[in-house]
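Please look through the structure below.

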Amino acid sequence: NLHFTFSIREISEVRDSDQVLRIPMYFTVAWEENRLIVDKDHRSWEDDSTGPKNENTEEAETLNHLWRPNLEIYGLEDFHNHKILGEMAGLRISKNKIIKYDTKVTIEISCQMDFTKYPFDKHVCTFQVGSYFYNQNSMTCTSQLFDPSVESDFVERNLQHIIGWRNLSSEKGLVRLTSGSYAACGFEVLLKRKHEPLVYQVYIPCILFVTVSWISFIIDPKVVPGRMSLLVILFLVIINVFNNVKANAPAAASSQLNAIESFIVTCIFSIFSAIIEYAVVLSILTLRPNSQTQNVYALSNGETEEDV
C-alpha cells in the first residue's frame, strides 16, 4: 500500500490555450519495505536532531539502492525536480520499515476544459497518481491533501480563476485502461473564472452600443449623413470588438461560439437590423409622391388649387 501526501502552496499558472495546470508542491510517497533488516535497539532511533524519533534521515541518493514503486501521473505534461546545490529531496526510513521519500517538484497536468459558457465557465481538473505496472489487486493507495487556502498566511496568486481544492472523488479512485484497472489517489482542482473584467470591458459597452443604435430611431430620417454615419460606425466598432474577443478567447480555433461570442453576435444583428430599418424608411420616403410637386404641376395646366 502506498501513501501519498500533497503539500501545495498555490497554482502558479493556468494555460487555457493548452488546457494545462502548473502546480508546485511537495510530493511525498511512503511505503512499507518488509525486506529491510532493522536494528531496533540502535541508539540512532532516539536521536531527533535530524528528524522525528524512530526515523532515520538518509540522502536522497540512497533510494537508488532500494526497491521503489514505479509511479504514473495520469495526464502528466511535465515533471520538474527543483535543484539548488543538489536535488531538493529527502529520504527517511522509520523503525517500522516505512520508507518515506519527499521532493519539491513542479508538475504540469492536462485538464479537459469546456469553454462553451466562457467567461462564466467552471472546470474540475483531476490530479491522479498510481502504479504504472501493478493493478489494483497488487497495489493500493491512500492520500492526504494539505489545502493551501486554510493557511493563515495564504496569498492567492492573481490568476483569471478562483481556485478551490477537494479530495479525489471515489469514482475517480480507479483508472480503467486496456491493460487493467489501477488504483489511483490524488486531488481535484476547482476552477471558476473571474468574469467581472469582461463584464465591464465587453458586455456593458456592447449593451450601450445597441442602446445608441435604438436612439437613432428618433433622429429625423431626412438627416441621412448623421443617422447613417452613426449606425455604420457602431456596426464597425462592434465587429472589431467581436474580432478581439474571438482572438483572445480560449480555444480560439474552435468553430463553436461560446457565451460571450454569441452575445456579441446578437448585438451585431441588433445594430444591423437598425441599419436595415433605416434603409426601409429611406425607400418609403423616396417612393412616396411629393404633394407640393403635384400641386405645382396642376396649376401649370390651368387648374385651380380647389380643383386639385
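Two strands count as paired if DSSP finds at least two bridges between them. Strands themselves are DSSP runs (E, at least two residues), numbered from the N terminus. The model is predicted, so local features need pLDDT of at least 70 and side-chain atom pairs count only at pLDDT 80 or more, while totals for chains, interfaces and linings use all residues. Residues are numbered from 1 along each chain as its sequence is written, and side-chain values use heavy atoms, with hydrogens and water left out.

Strand β11 (residues 161-167) pairs with β13 in the antiparallel sense, over 7 bridges. Within β13, L190 stands opposite G164. Strand β9 (residues 122-131) also runs antiparallel to β13, and 9 bridges join the two. There, H123 has L191 of β13 as its bridge partner.

Strand β12 (residues 174-177) is another antiparallel partner of β13, with 4 bridges. R176 is bridged to S181 in β13. A hairpin of 2 residues leads from β12 into β13.

Why is strand β13 largely enclosed by the rest of the structure? Of its 14 residues (180-193), 10 are buried, so the strand is largely enclosed. Buried means under 20% relative accessible area, with a 1.4 Å probe and protein chains only.

A nonpolar core is a set of buried Ala, Val, Leu, Ile, Met, Phe, Trp, Tyr and Cys residues joined through side-chain atoms within 4.5 Å. The largest one has 58 residues, and F6, F127, F187 and V189 are among those with the most contacts inside it. Leaving aside residues up to four places away in sequence, F6 touches several residues, including M25, F127, G186 and F187; contact means heavy atoms within 4.5 Å.

Notes. Buried means under 20% relative accessible area, exposed over 50%, partly exposed in between (1.4 Å probe, protein chains only).
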